Structure formats: structure tokens, C-alpha cells
Amino acid sequence: MRRSDRQLNEESALKIIDESQYATLSCIDENGQIFSIPISIVRDGMSIYIHGAKTGSKARLYKDGKSVELVAVSQNRVPTPSYEFCKSIKDSASELGGKVFTTEYLSAIAKTKAYEVTQNSQKIKALELLCKKYTPNYMDYFDTAALGLLNKMNIYELKIEHLSAKAKIIK
């Protein structure tokens, strides 16, 4: 990491993953091309779960220990300083660049290995975690939906092998 002053610890990286609304997953496909996709994620321990259709790129690629990199951002904000503040630093390119013309962020990168989940109990657990994160107000209906759709989707486990995270927060 070039900016070691922005580096965060593993606990912070996991928190960023948990708080992100989605992540982007990337891997190399069978033709040597980069395949990237934004997707809903949920974490349990050192595993990240996603779901997808029975056919398509995820079904083809996310199995058998395929290397997949995940990028998650839990905060991204352009600062809005006052005119007076900007005027007070108007002659300092570094202050303007670091406090006005910049972005505050929290981001994490996880290097993972992808596996298709095959046991129904583990698939249901992963689906429940996803639904509790994204649709918590509808969990009364989870059993009907999960059992009715379980055989129409795949669940993938991305086992985290390495984490890194960084942040820029303006003080």
C-alpha cells in the first residue's frame, strides 16, 4: 500500500465489508479476460456469501477455489467546506488538494477463494444472513421464499485469504 498512513487493521476491513451496501467482485475468466460484477454481499466470520443464477458467469467461475478479489466501500463523501475556510487556505495547493478537492472514504479489499455451496443447510443460512442484511423487515416470509427458490439459485462462499483496508477522513 503506497499510503501506509491510511492503512487500517483487519477488524476495520471486516467492518467496512459489513457496512457496505454492495461490493465489486473481479476475477479472470476462462478466456483470460477480467470479469467484474457489483453484487450484494454478507459476511460470516472469514467467509463472504453471495447468490446468483444457476447459469451465467458466476455459475461458471465462482467455484473450485477460483481466486476472486472483492472491493467494498462503506463511505464515500466529497467534503463541502465553507467558503470562508476555502478562502483561508486559498494560497496553499496542498491544503486545497487535501481538504477541498478530495474524497473521504473507507475501503477494503479481500483476496478470496470462491466455492459453490452445495449443502442446503449452509445455503439457507447464507440466504438468511443476506436477507437479514438487505430485507430485515420481511423475515416473517423468509422460510416460504427461501424454500421455494432454493433450487433455482446458487450460493457461493468466498473464503477470505487476505484483507487490506484504507481510509481518508479529513480532520
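**Reading helices and buried side chains**

Guide: Ser 47 has its place in strand β5 (residues 47-53); helices (H or I, at least four residues) and strands (E, at least two) are DSSP runs, numbered from the N terminus. The model is predicted, with local features needing pLDDT of at least 70 and side-chain atom pairs counting only at pLDDT 80 or more, while totals for chains, interfaces and linings use all residues. Residues are numbered from 1 along each chain as its sequence is written, and side-chain values use heavy atoms, leaving out hydrogens and water.

Visitor: Is Ser 47 buried or exposed?

Guide: Buried means under 20% relative accessible area, exposed over 50%, and partly exposed in between (1.4 Å probe, protein chains only). Ser 47 has a relative accessible area of 10%, and is therefore buried.

Visitor: With which side chain does the side chain of Ser 47 make a polar contact?

Guide: A polar contact is a pair of N or O atoms within 3.5 Å; within protein, one must be able to donate a hydrogen and the other to accept it, and residues adjacent in sequence count only if both atoms are side-chain atoms. Here the partner of Ser 47 is the side chain of Glu 157, at 2.5 Å.

Visitor: How are two packed helices described?

Guide: They are described by the angle between their axes and the distance between the axes. Axes are lines fitted to C-alpha atoms, for helices over the stretch in contact, and angles run from 0 to 180 degrees between N-to-C directions. The axes of α5 (residues 120-134) and α6 (residues 142-149) come within 11 Å and cross at roughly 130°.

Visitor: Which word describes how α5 and α6 lie to each other?

Guide: Angles under 35 degrees count as roughly parallel, over 145 as roughly antiparallel, 65 to 115 as roughly perpendicular and the rest as oblique. Helices α5 and α6 are therefore oblique to each other.

Visitor: Which residues of α5 and α6 meet?

Guide: Contact means heavy atoms within 4.5 Å. From α5, Ile 124, Leu 127, Glu 128 and Cys 131 meet Phe 142, Ala 146 and Leu 147 of α6.

Visitor: Where does Asp 64 lie?

Guide: Asp 64 is in the loop between α2 (57-61) and β6 (66-77). Although not a glycine, Asp 64 has a positive phi of about 55°. Asp 64 counts as exposed because its relative accessibility is 69%.
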